[in-house]
Amino acid sequence: DHLDLPTVRALALQPGGSPVFMVPLGIDLWFRDNVPAATDVRPLDWWGKTTLGDKTLTLLPVQHWGARTLSDRNQTLWGAWSIDSAAPKFRFLFGGDFGYSRDLADIGQREAPFDLAAIPVGAYAPRWFMTPQHVNPAEAVQAARDVHARSSVAIHWGTFSLTDEPLDQPPKDLALARDAAGMPADDFFVMRHGESRVWKDGKWVVRAPGS
C-alpha cells in the first residue's frame, strides 16, 4: 500500500534474485532511482496487463491518490489489481485502498466475475474527511457486489490506528452492513489472526490458527 523502501530493497536483494515488480505508471522511475537491485520492473497504465507464467495481472483504476513526498501528489498512478490464474482457474481482485466510485462498477463490467476479492473495510472515520479515499463497511459490501465477487475477504483494518473508529470496529460494522444488504457472512468474511483458508472444490476450507 505505502511502498516501504527498506522492505522493497530487501526483496530486491533476497537470495535467488529480485522478484518481478509490477507497478503503476511512474513508480518505475522511483524504482530506478531508489532500488537499483530490482532487475524486472514493469510499469502499467490503468487497464494495462502483464503476464507471469500462467497468470495475467491487470492494473485497475480506483478512486484514491498517490504521493511519496509533500510535493509530488498524483504524479504517479495507483490502483487495484486483477490476477487471473489459468491453472488452477481462479480470478482474484486485490482492492488495496480506495474510496467508493463508479470505477468499481467498471471493473465489474470489464474483469468480473472474481472468485475472491480482497476489499478494504477500515480507516473510514470521520466520513467528511475519509469518504473520497476510504470506503466504510457498507460501501465495501456494495463494492463486492459491483465487482461481482463470489466471495470477499476484509482487508485494510486492525493494524494501525489511523482514523477515528476503534481498531476492532470495522468487523462489527461489516456484520451490520452484510445483514442490511442480505449478504451471507461467508460471502464477505473476516479472517482471524493466524487463520488460513484453502480454495478447494469450489469452496473455502478454513484452517484454524496453528493447524
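1. Let's start with Glu 111, which counts as buried at 9% relative accessibility (buried means under 20% relative accessible area, exposed over 50%, and partly exposed in between, with a 1.4 Å probe and protein chains only). Please keep in mind that this is a predicted model, where local features need pLDDT of at least 70 and side-chain atom pairs count only at pLDDT 80 or more, while totals for chains, interfaces and linings use all residues. Residues are numbered from 1 along each chain as its sequence is written, and side-chain values use heavy atoms, leaving out hydrogens and water.

2. Which residue meets Glu 111 in a salt bridge? The partner is Lys 49, at 3.3 Å from N to O (a salt bridge is a side-chain nitrogen of Lys or Arg within 4 Å of a carboxyl oxygen of Asp or Glu). Lys 49 lies in strand β3 (residues 49–52) and Glu 111 in helix α3 (residues 103–111), so the pair ties together parts that are 62 residues apart in sequence. Helices (H or I, at least four residues) and strands (E, at least two) are DSSP runs, numbered from the N terminus. Lys 49 is partly exposed, at 48% relative accessibility.

3. Now look at Arg 127, whose salt bridge with Glu 139 has its closest N and O atoms 2.7 Å apart. Helix α4 (residues 127–130) holds Arg 127 and helix α5 (residues 137–146) holds Glu 139, so this pair links parts twelve residues apart in sequence. Arg 127 is partly exposed, with 24% relative accessibility.

4. The structure has 13 salt bridges. Shared partners join Lys 49, Asp 84, Lys 89, Arg 91 and Glu 111 into one network.

5. On a 1 Å grid over the protein atoms alone, a cavity is a set of points where a 1.4 Å probe fits but cannot get out; a pocket is an open set with protein on both sides within 12 Å along at least five of seven lines, and lining residues have an atom within 4 Å of a point. The largest cavity holds about 40 Å³ of space, and its lining includes Val 62, Phe 98 and Ile 119.

6. The second largest pocket has a volume of about 540 Å³ (the space filled by probe spheres set on the points, which are joined across faces, edges and corners). It is lined by 23 residues, and those closest to its centre are His 156, Trp 157, Gly 158, Thr 159 and Phe 160. Strand β8 (residues 152–155) gives the most to this lining, with three residues.
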